[in-house]
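Colleague: I am new to this structure. Can you walk me through a few of its parts?

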Amino acid sequence: MTEFAVWAPKPEQVRLDVDGTVHAMTRSADGWWRATVDTAPNARYGYLLDDDPKVLPDPRSARQPEGVHERSQLWDPSAAAWTDGDWAGRSVEGAVIYELHLGTFTPGGTFDSAVEKLDYLVDLGVDFVELMPVNAFSGTHGWGYDGVLWYAVHEPYGGPDGLVRFVDACHRRGLGVLIDAVFNHLGPSGNYLPRFGPYLSSGSNPWGEGINIADADSDEVRRYIIGCALRWMRDFHADGLRLDAVHALVDTTAIHILEELASETDALAAQLGRPLSLVAESDLNDPRLITPRDQGGYGLTAQWDDDIHHAIHTAVSGERQGYYADFGSMATLATTLRNGFFHAGTYSSFRRRRHGRPLDTSKIPATRLLAYTCTHDQVGNRAVGDRPSQNLSPGQLAVKAALVLGSPYTAMLFMGEEWGASTPFQFFSSHPEPELARATAEGRKREFAEHGWDAEDIPDPQDPQTFARSKLDWDEADTNEHARLLEAYRDLITLRRNEPDLADPWLDDLGIDYDEDQRWIVLRRGGIAIACNLGADATRIPAGGEVVLAWDPPHVGDTSTELPGHSFAILRA
């Protein structure tokens, strides 16, 4: 016998459809409807609301074999064949994380085909794989941020069984797994939740209507979110979550939902006997997110730090448009690397107001901030999805890598950056509704046309070739300069792991020298100096000693070193 339960306070009547047979359900005072029915283990089911003949999928569905508009299918997590019983887990703090999009990471675009590349990731030296959203969304391919059934695993990727096999394979190789979870909005296609209950708020965000986490009747919506988050870590053995755009979670209650989620995640970690991490994407530069709860914070493990990305990218590339306007100087780069945030109660010309709050570097270690040279956002949200490797020299890419991997911050790579992938990562979708497909394509072109781009140059998200162009070309990884850059990444990660002086997580112990005119910067960590020449010409920097690792051979003295243009050298005093 199977008990079915659905929270649906809006309709007057809810009936259960199991494999075409309709069953009555009983409502309780809290808006939950229940029925116990004898079913097959893989039965298809859904709910009929009032007099509508459309069978709607379960809001907590684990599997959607025919897509988000059709019936759900039962899936029993206790029947999964796990072999990771000896996996002790680890925290993300200080780790190297590898962000990937499952559909474009391999030609096959599935969990099983991604497993075939895990040994490569182990050889590269990464500690965690971070999956862009794998929850169910409309269509066959997309970024995944327009999910509508948060509990289900996207079927074209391999469904819930495929995710089990993937996580199990990662753990067998010593790799942790983070899953990107989107709780700040719902996608435009297949969102039936408002018909069940008050899932949406009175407010909105850039992606549509907001989620009701603080308005009337929001308690069950909060449980829906927290239950989903815990489920990824409990039922699918994920080692943590990346929480998308938490600044769009408008919570006016006394206990913010992020604090509540962090508390319950810690409780689940204690129950499972392994660390679980919550990593926020936040545009707020607010230290409260990563401040422990006993010190008045939310107690999240870490957060993305776009200021570090902006400071490194602009200093190396020279780009200064849009939100890069306040970045680009060596002084800004040094300030950001030294303090974690650049905007810390300071004026942001892009926002035209003060932004951020200072980070107490004596209490919060650098490992609670993620540093990166690029992410899916910083590539895919460019007009044509061009990577830094399509605009910068291999030496410039190597300098960016040295600044991230040589820093005390937790490091993150975006798939393919380690060999300077030449393929773009463009914005793609596969909405089946013609009107929505047309609106998505036109909206993308209109958005970038307003910033001076020719609309004809903007890829059509709905064109299957936009998706195909974004797949990694693995054949290029071992060729020419690609192989050289890949080797530099491996060496930097190895050094980061094995050099004791690079394990210090405290920013108060980080020394930085730089020269604005000569375009060099030196990070001093114990007896190790990470020296980078961002300029095109050779320059002399005030650091000497033994060369541990270098992009181009430097001329080293006892107290100074001549660095070739667009290169780095790591020196031991």
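Modeller: First, a term: axes are lines fitted to C-alpha atoms, for helices over the stretch in contact, and angles run from 0 to 180 degrees between N-to-C directions. Contact means heavy atoms within 4.5 Å. Helices (H or I, at least four residues) and strands (E, at least two) are DSSP runs, numbered from the N terminus. This is a predicted model: local features need pLDDT of at least 70, side-chain atom pairs 80 or more, while totals for chains, interfaces and linings use all residues. Residues count from 1 along each chain as its sequence is written, and side-chain values use heavy atoms, without hydrogens and water.

Colleague: At about what angle does α9 run to β22?

Modeller: Helix α9 covers residues 330-339. It lies across β22 and β23. Its angle to β22 is about 175 degrees.

Colleague: Which strands stand at the edges of the open sheet?

Modeller: Five strands form the sheet, in the order β22-β23-β24-β29-β26, with antiparallel pairing. Two strands pair if DSSP finds at least two bridges between them. Each edge strand has a single partner, so one side of each lacks a neighbour in the sheet; these are β22 (511-515) and β26 (546-550).

Colleague: In β24, which residue is the bridge partner of I521?

Modeller: Strands β23 (520-525) and β24 (528-533) pair in the antiparallel sense over six bridges. In β24, the partner of I521 is C532.

Colleague: Which elements do the buried residues of α7 pack against?

Modeller: Buried means under 20% relative accessible area, exposed over 50%, partly exposed in between (1.4 Å probe, protein chains only). The buried residues of α7 include I257, L261 and L268. They pack against α6 (219-234), β15 (240-243) and β16 (277-280).
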